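Open your viewer, switch to a cartoon view and keep the side chains ready to display. We will go from stop to stop, selecting a few residues at a time.

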Amino acid sequence: TPAHMKFVYMADGDPGVSSAIAGYTNGAYNLTSSTRINGRNARGFSFINTGGGNNAGYPATGTGGQLGGAILALNTQDKSSVKVKWTGRTIAVGAREYGIRLQYRIGDQLAFDNLLDSNNQIIEYSRGVAGDSAVFEVELPAPLLNQPYIQLLWRYYKKNGTSSNRDELGVDNIIVESQRMLSGPSAAGASTVSDGVLFSTVSVG
């Protein structure tokens with residue numbers, strides 16, 4: 001698992017967009033059947049729920065796998081802006097349509113809310129044909145800045161369909177860029193300083 005990130009499963013099989021988190025997964029990342037998360041090297045990771053639940057570390061109900069997404073923890077204290085970039089991918093198309101929606105919460109107890117872009121639109125990857133991808137970029141809103149702990153959730157959830165196989169969707173190239181206004185000398189090891197602004201970039205997955 002990438003640093004500061006955990007994969008989660010939900011309380012329901014074929015979880016919906018508001019399904020509650022039930023726990024963290026701990027399965028292998030190189031499995032080839034049943035519900036699983038696959039590591040894809042330079043192409044990030046992918047989620048696939050199935051009707052079977054016989055892979056250790058990946059819970060499933062009688063109706064289907066419970067995979068629900070990836071959580072990234074961030075500290076945004078002293079940041080004047082934080083930008084998040086990521087790529088959504090379609091690995092395989094199934095009869096049941098899934099999506100990956102970016103959500104957030106402050107702390108780790110509240111329900112997740114939808115993160116919105118500059119046009120107040122939900123940030124979500126919807127499946128394309130196999131091999132399709134799309135890049136997303138969003139600035140975190142002011143309430144998420146200067147927080148000691150926030151969570152971002154890339155929620156893998158069922159949108160449509162009641163039978164047969166599910167979409168396998170992936171997340172790749174998560175990059176977090178932050179800026180901090182400087183009032184004095186910059187700290188040793190700072191990424192970039194330009195016109196009194198400290199720029200930091202972290203690649204997560």
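**Stop 1: a pair to start with**

Select Glu137 and Lys83: their side chains meet in a salt bridge, with N to O at 3.3 Å (a salt bridge being a side-chain nitrogen of Lys or Arg within 4 Å of a carboxyl oxygen of Asp or Glu). The two partners are 54 residues apart and link distant parts of the chain, with Glu137 in strand β12 (residues 133-139) and Lys83 in strand β8 (residues 81-92). Strands here are DSSP runs of E with at least two residues, and helices are runs of H or I with at least four, numbered from the N terminus.

Before moving on, a word on what you are looking at: this is a predicted model, in which local features need pLDDT of at least 70 and side-chain atom pairs count only at pLDDT 80 or more, while totals for chains, interfaces and linings use all residues. Residues are numbered from 1 along each chain as its sequence is written, and side-chain values use heavy atoms, leaving out hydrogens and water.

Now colour by accessibility. Glu137 counts as partly exposed at 47% relative accessibility, and Lys83 is partly exposed too, at 22%. The cut-offs are under 20% relative accessible area for buried, over 50% for exposed and partly exposed in between, with a 1.4 Å probe and protein chains only.

**Stop 2**

How many salt bridges does the structure hold? There are eleven. For one of them, pick Asp14 and Arg166, whose side chains meet at 2.8 Å, N to O. This pair spans 152 residues: Asp14 sits in the loop between β1 (5-10) and β2 (21-24), and Arg166 in the loop between β13 (150-160) and β14 (168-181). Are these two partners buried or exposed? Asp14 counts as buried because its relative accessibility is 9%, and Arg166 is buried at 6%.

Next, select Glu124 and Arg101, which form a salt bridge with their closest N and O atoms 2.6 Å apart. Glu124 lies in strand β11 (residues 124-126) and Arg101 in strand β9, 23 residues apart. Glu124 is buried at 15%, and so is Arg101 at 13%.

**Stop 3: strand β13 and its neighbours**

Show β13 as a cartoon. Eight of its eleven residues are buried, so β13 is largely enclosed by the rest of the structure. Strand β7 (residues 67-74) pairs with β13 in the antiparallel sense over six bridges; pairing requires that DSSP finds at least two bridges between the strands. Click Leu74 to find its bridge partner in β13, Ile150. β9 also pairs with β13 in the antiparallel sense, over ten bridges, and here Gly99 stands opposite Tyr157.

Stay in β9 (residues 97-106) and select Glu97. Glu97 counts as buried, at 16% relative accessibility. Leaving aside residues up to four places away in sequence, Glu97 touches Arg127, Tyr157, Lys158, Lys159, Asn160 and Asp167, where a contact means heavy atoms within 4.5 Å.

**Stop 4: two backbone angles**

Finish with two asparagines. Asn146 has a positive phi, near 60°, in a residue other than glycine; look for Asn146 in the loop between β12 and β13. Asn173 is not a glycine either, and its phi is positive at about 55°. Asn173 belongs to strand β14 and counts as partly exposed, at 36% relative accessibility.
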